[in-house]
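Thanks for coming. I will take a few minutes to go through one structure, starting with the overall layout and ending with single residues.

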Amino acid sequence: VSYNPIAELSSKQQAELPHEQSHEKIFRALKEKVDTINHETCDAGDENSFFVCDLGEVARLKHYWAKLLPRVTPFYAVKCNPNLEIIKRLASMSTNFDCASKSEIEKVLSCGVAPERIIYANPCKASSFIRFAAKNGVKKSTFDNVDELYKIQKYHPESELLLRIVTDDSSAQCRLSTKYGCKLDDVPVLLETVKELGLNLIGVSFHVGSGASDFSTVTQAVKDARDVFDIAESYGLPALKMLDVGGGYQFDTITEVAGVLNAALDHFFPQETHADVSFIAEPGRYFVATAFTLAATVIGKRNVSDKESMIYINDGVYGNMNCILFDHQEPTPRVLYHNDQFSYMDSNTSSKVPTEACKNRVSMWGPTCDGLDCVSSEFYMKYDLDVGDWVYFSDIGAYTCSAATPFNGFEQTVDIIFIDSAL
Ligand code: PLP
C-alpha cells in the first residue's frame, strides 16, 4: 500500500524499523467503524468523518529520529496535532514539547510533563501568557526583538532565552522567516539589550520553513547560529549552550535532511570544542503526518457527464482538510467502500491522471456552502462513486484536526480511533 512511507525504505532500514501489520490494523479499524453505520437509520452526525490514528507509527518515528539524529532531542510542536494521546505517547518516549500558547502549555503539563521539558517557542508572547509561563515554571522561550526582552525582564526574568534568527526559507512551502527571526545585522543590539537587562541568554533557534526542497539552507542556518554563539562570547555574555534547529522535518526527506544537519553540526559545533552545547529540534509534522488516516462518506453527487461527476463528502477545507488551504497539502482520496463493497487495502482506487483502472473523473467537495470548499478539483476514481460510499485519505495527521472550524454549523467533534500497530 503506497500510503505508508515506511514501505518505501530500503529493506535494511525497514529491518531497523520493525512495523507489524500496520496497514491491516488500520483497515480493520476503518471497516469496523463504518460497518456500525447504517445510512438509512443512523442519528444525525453518526456518519461524520473520523480518523484512525496508529500510535505505533508515532513510536516508530521516534525510534527512527533517535537513530538518524542522535545528537538532537526532539521537542514535539504541539500545534501540529494537540491530541492528548499523541502527547502522552511522545512524553512516555522521552520526547519534549514545543508550545506556542498558554493552552498548549497547560495541556502538556496536564499530562504530567515537567516544565523543564517545554520550550515556549513563540517569539511574540502576550504579557499574561509570559506570566503564566513564569508561574508554571516554564523557563525556556524564544525571542527575536527588543520589545519582547523588556516584557520578559518585567514578567519572567528567570527565563532561559533562545534568540531566533532568520533563515533563507525561499524553497519552503510554508515560510516562517517572513514573520519571525532576527536578521544577523540586528543581533548586536539584541545582545546588548540582553546584557543591559541582565537576562539569561542560553542559545539560538531557527526554523528553515516546512516542505523545503533546498536543504543547503540548513547548513547556512547552523553556520549563522554558530556566528551568533561567537558574537555573544565577544560581548562577554556567558557561553551559549543550546541550539534549537526548529521544525519542518518530514518523513519522506528525513534521511537526507539528517545527513545535512549532522554534517553541519559536526562541522560548526564539533564535539571536541562544543561538548557542553545541547541540540534540540521542534518537529511537528514528522511525528504525526503518517500516523493518521481520515475516512469520510459521500453525502451528495452531481453527474456532470457520462464519465464525470461532482462528489460531495462530509469533510472539507473548513474541517479536517484545512491543510489544503493552510499547509499546501494535497490529500489523495481513495475508495474505502463502494456499493457496500469494502476495498481492502487497495491503494489503486484513484489516480491524478486517467488510467486504464481509474477512468471516473471527479471533483471532490466539502459539505459547507462555500465554493472554496474544494478538496480536489480533478481526480480519477476506479469506481463511479455513489451517495453512501466511503473514501479515505492517508498521511493526514499534521495541521488537520488542529485547525478545523465549525463553519456552516459543522461542529468539529474530532472522532479518533486509536490503534497500536507496534503491539
Ligand atoms: N516550531 C515553530 C516555531 C513553528 O512555527 C512550527 C510550525 O509552524 C514548528 C516548529 C513545526 O513545524 P513542522 O510541523 O513543519 O515540523
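The protein chain is divided into two parts: domain 1, covering 5-54 together with 289-419, and domain 2, covering 82-283. What you are looking at is a predicted model. Between the C-alpha centres of domain 1 and domain 2 there are 35 Å. Where the two touch, eight residues of domain 1 and nine residues of domain 2 take part in the contact. On the domain 1 side, the touching residues are four nonpolar, three polar and one charged.

Now the chain as a whole. Its secondary structure comes to 13 helices and 18 strands. The C-alpha trace spans about 75 × 45 × 40 Å along its principal axes.

Two percentages go with that. Of the 423 residues in the protein chain, 45% are buried. And if we take the contacts between residues at least 6 apart in sequence, 71% of them join residues at least 24 apart.

Next, the ligand. There are 17 residues around the ligand, and those that come nearest are A77, S210, G247, E282 and G284. By class, the shell is made up of eight nonpolar, six polar and three charged residues.

UniProt, in an unreviewed entry, lists K79 under "modified residue: N6-(pyridoxal phosphate)lysine". In the model, K79 is in the loop between strand 2, residues 72-77, and helix 4, residues 84-92. Is K79 buried or exposed? K79 has 20 other C-beta atoms within 10 Å of its own, and the cut-off for buried is 20 or more, so K79 counts as buried. Leaving out its neighbours within four places in sequence, K79 is in contact with A100, E104, G284 and S402. One of these, G284, was also in the list of residues that come nearest to the ligand.

Now two residues picked out for their backbone angles. Most residues other than glycine have a negative phi. S94 is not a glycine, yet has a positive phi of about 55°. S94 is found in the loop between helix 4 and strand 3, residues 96-99. With 11 C-beta neighbours inside 10 Å, S94 counts as exposed.

The other one is N339, again not a glycine, with a positive phi of about 50°. Where is N339 placed? N339 is in the loop between strand 12, residues 334-338, and strand 13, residues 341-342. N339 has 10 other C-beta atoms within 10 Å and is therefore exposed.

E32 is found in helix 2, which runs over residues 22-35. E32 is exposed, because it has 11 other C-beta atoms within 10 Å. The C-alpha atoms of E32 and I152 are separated by 52 Å, and the two residues are 120 apart along the chain.

To go back over the main points: the chain is divided into domain 1 and domain 2, there are 17 residues around the ligand, and K79, the lysine that UniProt lists as modified, is buried. That is what I have.

Conventions: Residues numbered from 1 in each chain as written. Predicted model: local features only at pLDDT ≥ 70, side-chain atom pairs only at ≥ 80, totals over all residues. UniProt positions renumbered as here; feature names shortened; annotations may be inferred. Helix = DSSP H or I, 4+ residues; strand = E, 2+ residues; numbered from the N terminus. Buried ≥ 20, exposed ≤ 12 C-beta atoms within 10 Å, placed from the backbone. Contact = placed C-beta atoms within 7 Å. Near = placed C-beta within 6 Å. Nonpolar A, V, L, I, M, F, W, Y, C, P; charged D, E, K, R; others polar. Domains from an automatic or database assignment.
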